[in-house]
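Biologist: Walk me through how to read a model like this, one feature at a time.

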Amino acid sequence: MEVGLDHYLILSAVLFGIGLWGALSKKSAVVILMCIELMLNAAAIAMVAFSRFVVPGLLTGQVFAIFIIVVAAAEATVALAIIMSIYRSRDTIDATKIDLMKW
Amino acid sequence: MALAFLIFSAGIIISALAVVLLKNIFRASLMLVLCFFLVAGLFASLSADFLAAIQVLIYVGAISVLIILAIMLTREITLGSLTNKQAMPALLGSGFVAAALVFSMLATDWNISTAEPAEPTTPILANLLFTPDNFMLPLEMAAVLMLTAIIGAIILVRDK
């Protein structure tokens with residue numbers, strides 16, 4: 001079997017689907033954050049696969065993957081800080097019970 | 001090459017499913033760490049050596065420690081990983097999204113190059129990231145973003 005671009009893209013799509021399912025169906029805010037990280041990883045896999053198979057010498061996709069990792073780190077920091085401060089004031093991080101911004 | 005791809009992709013999908021399906025949140029986070037490790041291996045199989053190292057350092061080293069700390073500081077483990085009422089519609093929706101992605105990928109005729117991949121990727125990446133013609137401005141904006149995120153996180157969690 002010759003592994004080509006399609007295989008990596010299908011893997012990326014499946015991983016993205018799993019992450020989206022978890023992010024939509026979980027109650028705990030930390031698990032939702034974990035599933036968002038899965039989705040970001042799926043995007044990074046697609047970027048690196050494009051970089052390897054479409055422009056092997058240029059590596060622009062790998063630069064994009066580096067920026068994805070940077071944004072994921074920043075997002076995890078801020079999201080966990082928000083989770084901690086919500087946990088302190090409301091004693092729960094159940095996403096179905098956090099209704100501060102509900103109209 | 002094909003064997004490595006099969007092992008890594010099967011491991012990634014199984015550990016990602018375990019993140020979503022496991023009831024114990026701590027075990028789910030450990031499966032997330034395993035998934036990050038396998039993605040690093042997949043990057044290595046795509047001849048992205050520097051990116052594999054970055055993945056291990058930042059995802060396995062930093063982000064997963066942050067997530068595990070958040071699990072330990074909240075009362076997550078006693079509750080377990082609960083699902084809300086929309087689990088089935090969410091499964092349908094995300095399955096539809098994944099299927100649409102796969103079909104559009106297979107329908108597109110990608111312009112695949114047969115050239116050999118660059119062997120040490122670090123000089124090329126350094127040229128891309130640190131020359132003003134390429135990605136220097138986005139790199140500086142990423143640094144500003146990191147600083148903003150750190151200051152924002154400190155302001156959010158400090159005592160009033």
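This is a predicted model: local features need pLDDT of at least 70, side-chain atom pairs count only at pLDDT 80 or more; totals for chains, interfaces and linings use all residues.

Biologist: Which residues of helix H6 of chain B are buried?

Modeller: H6 of chain B runs over residues 122–130, and Leu125(B), Leu128(B) and Leu129(B) are buried there. They cover an arc of only 90 degrees around the axis, so they sit on the same side of H6(B).

Biologist: Why do residues three or four places apart point the same way in an α-helix?

Modeller: Because an α-helix has 3.6 residues a turn. Now look just before that helix. Thr121(B) is in the loop between H5 (87–107) and H6 of chain B.

Biologist: Is Thr121(B) buried or exposed?

Modeller: Thr121(B) has a relative accessible area of 0%, so it is buried.

Biologist: Which residues is Thr121(B) in contact with, leaving aside its neighbours within four places in sequence?

Modeller: Residues from both chains. From chain A come Leu59(A) and Gln62(A). From chain B come Ser47(B), Asp49(B) and Phe50(B).

Biologist: How should I read phi?

Modeller: Most residues other than glycine have a negative phi. Then look for the exceptions. Leu59(A) has a positive phi, near 65 degrees. Ser47(B) has a positive phi too, near 55 degrees.

Biologist: Where are Leu59(A) and Ser47(B) found?

Modeller: In loops. Leu59(A) is in the loop between H2 (29–53) and H3 of chain A. Ser47(B) is in the loop between H2 (25–45) and H3 of chain B. Leu59(A) is at 3% relative accessibility, so it counts as buried. Ser47(B) has 21% and is partly exposed; the cut-off for buried is under 20%.

Biologist: Now the interface. How many residues of chain B are in contact with chain A?

Modeller: Count both sides. 79 residues of chain B are in contact with 70 residues of chain A. Then take the area. The two chains bury about 6,800 Å² between them. Of that, 80% is on carbon and sulfur atoms.

Biologist: Which three residues supply more than any other three of the area that chain B buries against chain A?

Modeller: Phe5(B), Val20(B) and Leu46(B). They supply 9% of that area.

Biologist: And charges? How many salt bridges does the rule find over all chains?

Modeller: Three over all chains, and one across the interface of chain B and chain A. Take them pair by pair. Asp99(A) and Arg90(A) form one, with the closest N and O atoms 3.1 Å apart. Asp99(A), at 40% relative accessibility, is partly exposed. Arg90(A) is partly exposed as well, at 34%.

Biologist: One last reading: sequence against space. How far apart are Ala143(B) and Leu42(B)?

Modeller: They are 101 residues apart in sequence and 27 Å apart in space, C-alpha to C-alpha. Ala143(B) lies in H7 of chain B. At 47% relative accessibility, Ala143(B) counts as partly exposed.

Definitions and conventions. Residues are numbered from 1 along each chain as its sequence is written. Chains are lettered from A and ligands numbered from 1 in the order in which they are written. Side-chain values use heavy atoms; hydrogens and water are left out. Buried means under 20% relative accessible area, exposed over 50%, partly exposed in between (1.4 Å probe, protein chains only). Helices (H or I, at least four residues) and strands (E, at least two) are DSSP runs, numbered from the N terminus. The arc is that of the directions from the helix axis to the C-beta atoms. Contact means heavy atoms within 4.5 Å. Buried area is the accessible area (1.4 Å probe) that two parts lose on being put together, summed over both. A salt bridge is a side-chain nitrogen of Lys or Arg within 4 Å of a carboxyl oxygen of Asp or Glu.
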